[in-house]
Amino acid sequence: MRARLAFGLVVILAVGALAGWRLASPAATQKPVKKTHAQTTHSAGPTHMAAINPLPVGAEGLASIKETPKPKPKPAPTHSAVSSDLPAELTGSGWHLAFDGEFGGSSLNTSQWDTCYPGDDQSGCTNTGNSNEFEWYQPSQVSVGGGTLNLTAASESTQGSDGNTYPCRSGMVTTGQSFNFQYGYVQVEAKLPISTGLWPALWLNPSNGDWPPEIDIMEHWTTYNYYGAYLHSAAGPIIENDHVNLADSTGWHTFSVMWQPGKIIWYLDGQEVLSTTQYVPQQAMYFIANVANSTNGPGCNGTMQISSVKIWQQHS
């Protein structure tokens with residue numbers, strides 16, 4: 001989703017991990033930098049790469065290079081937990097389930113999940129690098145029950161530990177200190193909040209803290225019946241499909257991404273919606289799910305529910 005805009009030279013650190021290795025060490029303490037976002041009507045073609053020095057998300061529709069449109073995703077099936085069996089998208093041998101983020105019981109598994117960005121005080125945080133976000137993340141807005149993770153945004157004036165007052169409090173989780181990986185297949189079953197001002201996202205951020213790159217599995221805004229899938233590359237343009245139609249925007253969907261050394265493919269409910277063989281990140285990353293608030297006015301009410309986060313990797 002959004003990475004804190006780093007001022008100055010971008011230092012691209014090589015990550016000494018072979019494809020398919022889980023990195024045992026925690027992520028760097030530097031926090032991610034989210035890109036800015038503007039609430040605008042999307043009008044670009046279904047799959048393209050935007051120009052270098054892009055406009056904010058939601059206004060990135062500069063179709064400089066178009067690709068073959070992907071089939072319209074089929075309606076989502078009735079909600080059920082994602083099976084640990086191999087998804088149909090995984091072909092070849094050597095695949096194994098490297099991370100299994102189920103949400104049983106009545107409390108968050110804190111050995112898997114943090115409730116703020118790596119390096120932040122886990123009692124509360126925000127994205128200080130993005131002037132288009134107006135929320136303070138708190139553990140109280142993260143709950144587990146009935147087999148689902150609930151990230152709840154609430155329109156409540158909240159004093160942050162940074163001394164600022166925020167009109168919204170919300171929830172987020174990351175694997176920044178528990179699971180960092182290079183390449184794999186990420187599959188998330190989620191139900192999005194369709195509400196004014198909300199900006200839920202499922203994304204991968206660099207473990208070393210240097211942005212870009214960033215792989216956005218899903219970014220959704222306000223009450224739209226579509227979402228965006230993006231690659232913010234370290235050396236090239238944004239690669240995007242900023243208008244992925246949701247046949248049932250209020251229902252459960254499976255959002256996935258296949259990240260391999262030479263290719264990335266995004267999926268909605270098992271149907272390909274975007275792919276690229278250019279500017280593929282070659283470094284370790286970690287997973288984030290959050291519900292941001294993109295308005296300083298009315299709004300900020302809703303919950304993103306997640307029943308499963310699974311990451312498969314392939315032995316070389």
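1. Contacts first (heavy atoms within 4.5 Å). Among those in the protein chain between residues at least 6 apart in sequence, 71% join residues at least 24 apart.

2. Basis. This is a predicted model, where local features need pLDDT of at least 70, side-chain atom pairs count only at pLDDT 80 or more, and totals for chains, interfaces and linings use all residues. Residues are numbered from 1 along each chain as its sequence is written, and side-chain values use heavy atoms, with hydrogens and water left out.

3. Fold and surface. The protein chain has 22 strands and 0 helices (DSSP runs numbered from the N terminus: E, at least two residues, for strands; H or I, at least four, for helices). Of its 316 residues, 57% are buried (under 20% relative accessible area, 1.4 Å probe, protein chains only; exposed is over 50%, partly exposed in between). Accessible surface comes to about 12,100 Å², 52% of it from carbon and sulfur atoms (Shrake-Rupley method, 1.4 Å probe).

4. Salt bridges. The count is 3 (side-chain nitrogen of Lys or Arg within 4 Å of a carboxyl oxygen of Asp or Glu). K310 pairs with D100 at 2.7 Å, N to O. This pair links strand 22 (residues 302-314) to strand 4 (residues 95-102), 210 residues apart.

5. E102 lies in strand 4, 208 residues from K310. K310 is buried at 1%; D100 is partly exposed at 32%, and E102 is partly exposed at 33%. Shared partners join D100, E102 and K310 into one network.

6. The remaining pair. R169 and E156 meet at 3.5 Å, N to O. R169 sits in strand 10 (residues 169-170), E156 in the loop between strand 7 (148-153) and strand 8 (158-159), 13 residues apart. E156 is partly exposed at 38%.
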